[in-house]
Amino acid sequence: MLTGGTSVLRLLSHCRSYMALSAAISSHLITPDSCRHTQNSRPVPITSVTGPRIPAFTRQALPGSYPTCRIFSPSFLFCRKSARTSLHFSPPIAFSTPSAQTMSTSASAGVTSDGTGAAASGAAADVEVRDSISLTQREQDIFDMLLAAVRHAGASTSLRCAGGWVRDKLLGRGSDDIDIALDDMLGKDFAEMVNQYLKSQGKEARHAAVIQSNPDQSKHLETARMKIGEMWIDLVNLRSETYAADSRIPTMTFGTPEQDALRRDFTMNALFYNITAGGVVEDLTGRGLQDLRDGLIRTPLPPRETFLDDPLRVLRAVRFGTRFGFRLHPDILEAAASEQVRVALATKISKERVGTELEGMFNGPAPVEAVRLLQRLGLFTAVFALPTPLESRVGSGYGVPCCTTMAAADSIVRALGLEMDKDERRFLLLAALLLPLRSLQIPAAKGKLTPATAALIRDSLKWRVKDIEMTAALHDAAAELAAAHTVLLKGTGGGVGGPEDAAGGKAGEEPDVRVILGQAIRKLKQHWKLGVILAPVIGMCAAAPLGDSPSGSGSGTELVADGAGELSEEAAAGRLEMVRELLSAVEAYGLSECWTWKPLMDGKKVMTLLGWSKPGPELGRVMAAVMDWQLMHPSGTQQEAEAMVKQKYGVGQPEV
């Protein structure tokens, strides 16, 4: 389509963005016949395209703009659909880990600004539910062995599969989460009975781990866990509960299957597969199968009673709703938003259990919808709880801007059609979610300050140290990349660059854009593209640092309202344009792999070169200058770097 030596980068000098170029091509504003060339070989469309020109870096990235960098132009794929011609990018981003299972980020279609989505509203879904459960050979072998153990012991125990395994099998999904419900013995006793049978067959007994009940943390059942073949199974007794008049902690007793079904979290999870009876599916609440077909999440008992029994169930409702695209029953929405349930979730449930449920949401198909639903139900601050000293300073409305920035980052990923492993997606979405909180700090040991985001991740979510480190690194790098984009827009800081302007240019001048980009990339290493995605988000009104107002009223929520404005199609297109411009700059400057570069000189070599007898603070500055010089001169040699160091720092022992 593009002929006569007309390159895409040259056409870009007349369009504000790749999106503008695509529109121009699609509407035939730019065609092979509509371009003429000036003396400097720049194409000039006869039918002009209005609007600001592309940032200066696209012109500087043309061959000859600087001698020591190879030029890499973004690759393009032109496809014709019907009568229109559209411009598609061969995605310059590829998130992949060979051993990691990849997953696409969620679509936000149907989610309103208050967080309502498929999980909370809409017509009843028509879910295909199977009439019977088909077992794999491995499942059949496990069940046969368990039945044989019962017969060997002469016991009358009935065995039932319960919970998620039954639900998933009826939905035609595979499941390795087998829970066995026992009608007349504890799980640890049944595990011992299984081991006695295995020994009688000359097979190795298996250790059973016992997870004790903890009523204070709403963990009412003792569970035994053992490995059968290559699968882990959980063993638990059917239960019934009675409450004293002055206590919400139940007294546990053996119960009937009907009593146990009514005490479970949701009707779709209260279905049984009766192994002893030959594989009969039992719907003892009378509503489980129909709710599953309708795509409806409903509690067997009144939801308030169910949630106060175990407040974690309100998070499970959100996770299941967004995982399956099911609706939450209106009674669930009402109970989940109650103050009593919110307080119980914040005070009664261990943070480890909360963090596990939240991680399930982040790893699911719709993490943004899940978090926004938490906000809509008034549960955001109970889950993402700030340290106590900051509560009055920030207020309770910080969930609104946090959800807005998370949704904005997710929309960029979806627009680019990216895939990433679950760790990368968690890093990005968590950092985006916490952007408005990035400037908050709390006192730490020895009078030092620590970021509130680190305390939140550590204490409220109980997530990993890596999540804390990546959140901080992404916040810092996103700000640097946003600054680099500002320099690109100005068309400054991207000159040829020689020894005289290495490591950030002369005093008073802006740092070279290659240095800014390279430093941010080296900070994030292989995850640097996550920082590029976050860079335009950090400039949103919703991302403005919270808590800066001395009066404590500067929460910033009044600036974003429900987030609809900043999540509009036009605003999203602007952020996407910025990401593409940054990606193209990184590729054009040859910096995409700079995080793997090693310094051309080590500290010992620098000291020898400058005649220094011992290291000092100045050595670190020289080493940083060497790397900055390399970022400006990707093809530079060690000899050239040595010349720069000698000229800039001279010879002799530095003052310490």
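Where is the place of I457, and what does the chain around that residue look like?

Reply: I457 has its place in helix α19 (residues 452-461). Helices here are DSSP runs of H or I with at least four residues, strands are runs of E with at least two, and both are numbered from the N terminus. This is a predicted model in which local features need pLDDT of at least 70 and side-chain atom pairs count only at pLDDT 80 or more, while totals for chains, interfaces and linings use all residues. Residues are numbered from 1 along each chain as its sequence is written, and side-chain values use heavy atoms, with hydrogens and water left out.

I457 counts as buried, because its relative accessibility is 0%. The cut-offs are under 20% relative accessible area for buried, over 50% for exposed and the range in between for partly exposed, with a 1.4 Å probe and protein chains only. Setting aside neighbours within four places in sequence, I457 is in contact with L430, L434, K462, W463, R464, D467, I468 and T471. Contact means heavy atoms within 4.5 Å. A385 is 72 residues from I457 in sequence, yet the two C-alpha atoms are 9.2 Å apart in space.

K462 has a phi near 60°, a positive value in a residue other than glycine. With 40% relative accessibility, K462 counts as partly exposed. Another such case is K525, whose phi is near 55°. K525 sits in the loop between α21 (513-524) and α22 (528-534), and a relative accessible area of 44% makes K525 partly exposed.

Two packed helices are described by the angle between their axes and the distance between the axes. Helix α20 (residues 465-490) packs against helix α24 (residues 569-588) at about 85°, and the axes are 10 Å apart. Axes are lines fitted to C-alpha atoms, for helices over the stretch in contact, and the angles run from 0 to 180 degrees between N-to-C directions. The helices α20 and α24 are therefore roughly perpendicular to each other; angles under 35 degrees count as roughly parallel, over 145 as roughly antiparallel, 65 to 115 as roughly perpendicular and the rest as oblique. On the α20 side the contact uses L481, A482, H485 and L488, and on the α24 side M578, E581, L582 and A585. These residues divide into 6 nonpolar, 1 polar and 1 charged, where Ala, Val, Leu, Ile, Met, Phe, Trp, Tyr, Cys and Pro count as nonpolar, Asp, Glu, Lys and Arg as charged, and the others, Gly among them, as polar.

L430, listed above as a contact of I457, also takes part in a helix packing, that of α13 with α18. Helix α13 (residues 351-363) and helix α18 (residues 422-433) meet at an angle of about 105°, their axes 10 Å apart. The two helices α13 and α18 are therefore roughly perpendicular to each other. α13 contributes E359, F362 and N363 to the contact, and α18 contributes K422, R425, R426, L429, L430 and L433. The residues of this contact of α13 with α18 divide into 4 nonpolar, 1 polar and 4 charged.

Both α13 and α18 are among the elements against which the buried residues of α14 pack, together with α10, β16 (327-328), α15 (380-383) and α17 (399-416). In α14 (residues 367-376), 8 of the 10 residues are buried, so this helix is largely enclosed by the rest of the structure. The buried residues of α14 are P367, V368, E369, A370, V371, R372, L373 and L374. Just after α14, G378 takes a positive phi of about 80°.

Last, the whole chain. The protein chain contains 27 helices and 19 strands. Of its 656 residues, 51% count as buried. Among contacts between residues at least 6 apart in sequence, 72% join residues at least 24 apart. The pairing of I457 with A385 in space, 72 residues apart in sequence, was given above as a C-alpha distance of 9.2 Å.
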